[in-house]
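Some notes on the model follow, point by point. Please read them with the structure open.

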Amino acid sequence: MPLSKSGYDVIVVGAGPAGSIAALVLAHGGAKVGLVDKAGIGRDKACGDLIGPRGVRLLDGLGLDVPGAMTAGDMIVAGPTGRRVLLAARAGNDYPGHAIVVPRVGFDAMLRGAALDAGAVDISARVASLGGGRVTFDGGEAISADFVIGADGATSITARAAGLVDPARVLWGFAVRGYLEADVALPVIALWNDRARQGFPGYGWLFPGPQGANVGLGLGLGHSRQHAHRAQQQLLEFCAHLVRIGVLEASHDNPVGRLGGWLKMGLVGTRPAAGRTLLVGDAAGLVNPLQGEGIAQAMASGKAAARAVLDAPAEAADTYRRWVRATYGSWTSVTTPVHATLVGRPRQIARLASTLTAPVVGRMIAPTWAIFWNNLADGAAASPATTAAKVVRQLGRVATSQSRLRRSLRDDLGDRDDPRRLAEIGARR
């Protein structure tokens, strides 16, 4: 793309995984890019610190080595009574059979450093407002750019300023995490019931890490941001539950370094791009509505937004929006309505959690569960489980075809393109 005569070609707001990857790809493509973040290098974030197989593949493809990362393969899902299902990791045709675990404070610093080394300009400032091709910071200083990429999280000021988000339609989540001096063999996802014996509208986790265990609780809130405090208040109760079911020792049930953060689940309520503003990562709502994963999607969307700007600036918003539809729209249009339906039904959540982790049922569905839940069907190696996961997705599309959220997503994503063209775009993810 030709260099801007007015300032920067692109300003990327937010130097998390989405923003740093966008800035890295833009800088490698010859763009003049400013990478803005209010925090210094070494930011921390409420997160499980686990980067899924698609994220591992993307990092490898960009030649980015992650020092100190720990490999994680199989995962355990524990039900409310402690019954466990093993979700085995399997390599796909275009992704490895493992994830990695790395603390966000180091991972984010590494990605930001790579973007700056590639030529992005570090701008340490807090954004006050955006509009008219200008980004204004606290204190009144402003810079101009041809494009703005919003990578500034679930409560994105970029999304609000560009009119790309309707907070009343967003499906909100809130997560809190801490660290324990505990050895954990395999990642654990725990579905549990609270004191009223109703299903918790979310899940907790206990993940291994290179410097101890990461424990957290993610809470689905529906369209309201009220009651987010439950995650913080019930974290210790959740740790006590992990002790009761035998996956955590009682001497390690008090996490330190607790930190909370907002999630925007499953795209709904946010338009990914319009004009010369593109949203990536959490700002776009690119969070798995079934299990809260967001790092892989964040990095992939950062790369895709950057390529859209570099390859055809005049069509960047449309190109990027089509990419979002092709890669995440189809699957999310099924799973987002499921998430919304379950969040407000704690008794149904409890029954579902008990059923899925029942011994016979759990063993039967585990291979398909591992693929579908983690959105790994596209690109998975041929197997009965892969076929079953695609059948489940198709049945879900039929079942949710007339749902209000499904219609809302179609409007947000502008879902009117030729399905064959979207499939071709998705194949290049």
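This is a predicted model: local features need pLDDT of at least 70, side-chain atom pairs count only at pLDDT 80 or more; totals for chains, interfaces and linings use all residues.

1. Surface and burial. Of its 429 residues, 56% count as buried.

2. Fold content and dimensions. The protein chain has 13 helices and 18 strands. Its radius of gyration is 21 Å, close to the 22 Å that the globule rule gives for 429 residues, so the chain is as compact as a globular protein of that length. Along the principal axes, the C-alpha atoms fill a box of roughly 65 × 45 × 40 Å.

3. Contacts along the sequence. Taking contacts in the protein chain with a separation of 6 or more, 72% are between residues 24 or more positions apart.

4. Aromatic pairs. The count of aromatic pairs comes to eleven. Tyr320 and Trp323 form a stacked pair, with ring centres 6.0 Å apart and 10 degrees between the planes. These two residues both belong to helix H8 (residues 316-343), where they sit three residues apart, about one turn of the helix. Tyr320 and Trp323 are both buried, which here means under 20% relative accessible area.

5. Aromatic cluster. Which residues do ring pairs link into a cluster? They are Tyr203, Trp205, Phe207, Trp369 and Trp373.

Technical notes
Residues are numbered from 1 along each chain as its sequence is written. Side-chain values use heavy atoms; hydrogens and water are left out. Helices (H or I, at least four residues) and strands (E, at least two) are DSSP runs, numbered from the N terminus. The radius of gyration is taken over C-alpha atoms; the globule rule is 2.2 Å times the number of residues to the power 0.38. Buried means under 20% relative accessible area, exposed over 50%, partly exposed in between (1.4 Å probe, protein chains only). Contact means heavy atoms within 4.5 Å. Rings of Phe, Tyr and Trp (its six-membered ring) pair if their centres lie within 6.5 Å; planes under 30 degrees apart count as stacked, over 60 as edge-to-face and the rest as tilted.
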